[in-house]
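Please open the model in a viewer and keep the sequence panel beside it.

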Amino acid sequence: MQQTEKLEKAQEELKLLASIDPMTKLFNRRYFMDMSKSILDLAKRNKTDTAIIMIDIDKFKNINDTYGHQVGDDVIIELSSKLQDIGRKSDIVSRWGGEEFLILLPNTNTKGSLIIAEKIRKNIEEIVINLQDEKKLQFTVSVGVSQFHNKSNDNIESSINRADEALYKAKASGRNKVCSKLF
């Protein structure tokens, strides 16, 4: 391998490392924002549907306070693994921050995004984390869904804000739910 090829390979590896959250191995916020702009431009041009799902672990502070931060990390890692298993290859699954996750669903209409969100919610409530002394921990998530409107001046930030509002509606109405705010 020539020096130039080695350098190019190293640059690609650095670019990938800069795009991945080290704990979860999901894409990070920066990568999500970069990719979403390109995907939404394509959606506008091709007049295709795109949805956003925001996920937040219910009562995560209680998990950390009760079981410690290592168990909290285990919860985040298990949830991330499940999101990767459920996600389609075209989806951009990312850790948005802390215990929040964001998924961009290209070529997905409202009905499809709500079905996927509910599938995620159900799969996550089935996760079991084994603790010391044969104790087990289960947890739930609240989920907000929004649809990107390719026929208007909609943008990624407003779509994320709508998903966030829907997420808080899910939390306020009892948690472990999927809610949507489409426009």
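Select Ile156 and display its surroundings: leaving out residues up to four places away in sequence, Ile156 touches Phe32, Met33, Ser36, Lys37, Leu40, Ile52 and Leu104, where contact means heavy atoms within 4.5 Å. The model is a predicted one, in which local features need pLDDT of at least 70, side-chain atom pairs count only at pLDDT 80 or more, and totals for chains, interfaces and linings use all residues. Residues are numbered from 1 along each chain as its sequence is written, and side-chain values use heavy atoms, with hydrogens and water left out.

Ile156 belongs to helix 6; helices (H or I, at least four residues) and strands (E, at least two) are DSSP runs, numbered from the N terminus. With a relative accessible area of 3%, Ile156 is buried. Here buried means under 20% relative accessible area, exposed over 50%, and partly exposed in between, for a 1.4 Å probe and protein chains only.

**Helix 6**

Now select residues 156-172, which form helix 6. Its 17 residues should span 24 Å at 1.5 Å a residue, and the end C-alpha atoms are 24 Å apart, which agrees; the expected span is 1.5 Å times one less than the number of residues. Colour the buried residues of this helix, which are Ile156, Ser159, Ile160, Arg162, Ala163, Ala166, Leu167, Ala170 and Lys171. What covers them? The cover includes helix 2 (29-46), strand 1 (50-57), strand 2 (92-97), strand 3 (100-106), strand 6 (141-148) and strand 7 (178-180).

Inspect the two ends in turn. At the N-terminal end, Asn155 caps helix 6, with a side-chain oxygen 3.1 Å from the backbone nitrogen of Glu157. Such a polar contact is a pair of N or O atoms within 3.5 Å; within protein, one must be able to donate a hydrogen and the other to accept it, and residues adjacent in sequence count only if both atoms are side-chain atoms. After the helix comes Gly174, whose phi is positive, near 120°.

Is Lys171 buried or exposed? Lys171 is buried, with a relative accessible area of 15%. Not counting residues up to four places away in sequence, Lys171 touches Asp56, Ile57, Asp58 and Ser142. The C-alpha atoms of Lys171 and Ser142 are separated by 6.0 Å, and the residues are 29 apart along the chain.

**Helix 2 against helix 6**

Two packed helices are described by the angle between their axes and the distance between the axes. Show helix 2 together with helix 6: they pack at an angle of about 110°, with their axes 10 Å apart. That makes helix 2 roughly perpendicular to helix 6. Phe32, Met33, Ser36, Lys37 and Leu40 of helix 2 make the contact with Ile156, Glu157 and Ile160 of helix 6. Axes are lines fitted to C-alpha atoms, for helices over the stretch in contact, and angles run from 0 to 180 degrees between N-to-C directions. Angles under 35 degrees count as roughly parallel, over 145 as roughly antiparallel, 65 to 115 as roughly perpendicular and the rest as oblique.

Select Asn28, in the loop between helix 1 (3-17) and helix 2. Asn28 counts as buried at 15% relative accessibility. A polar atom of its side chain lies 3.3 Å from the backbone nitrogen of Arg30. Leaving aside neighbours within four places in sequence, Asn28 is in contact with Ala18, Ser19, Ile20, Asp21, Ser94 and Arg95.

Then move to Lys47, in the loop between helix 2 and strand 1. Lys47 is exposed, with a relative accessible area of 63%, and its phi is near 55°, a positive value in a residue other than glycine.

**Helix 4 and helix 5**

Finally, show helix 4 (residues 69-86) and helix 5 (residues 110-125), which pack at an angle of about 140° with their axes 10 Å apart. That makes helix 4 oblique to helix 5. Leu79, Lys82, Leu83 and Ile86 in helix 4 meet Lys119, Ile120, Asn123 and Ile124 in helix 5. Among the buried residues of helix 4 are Val71, Gly72, Val75 and Ile76.
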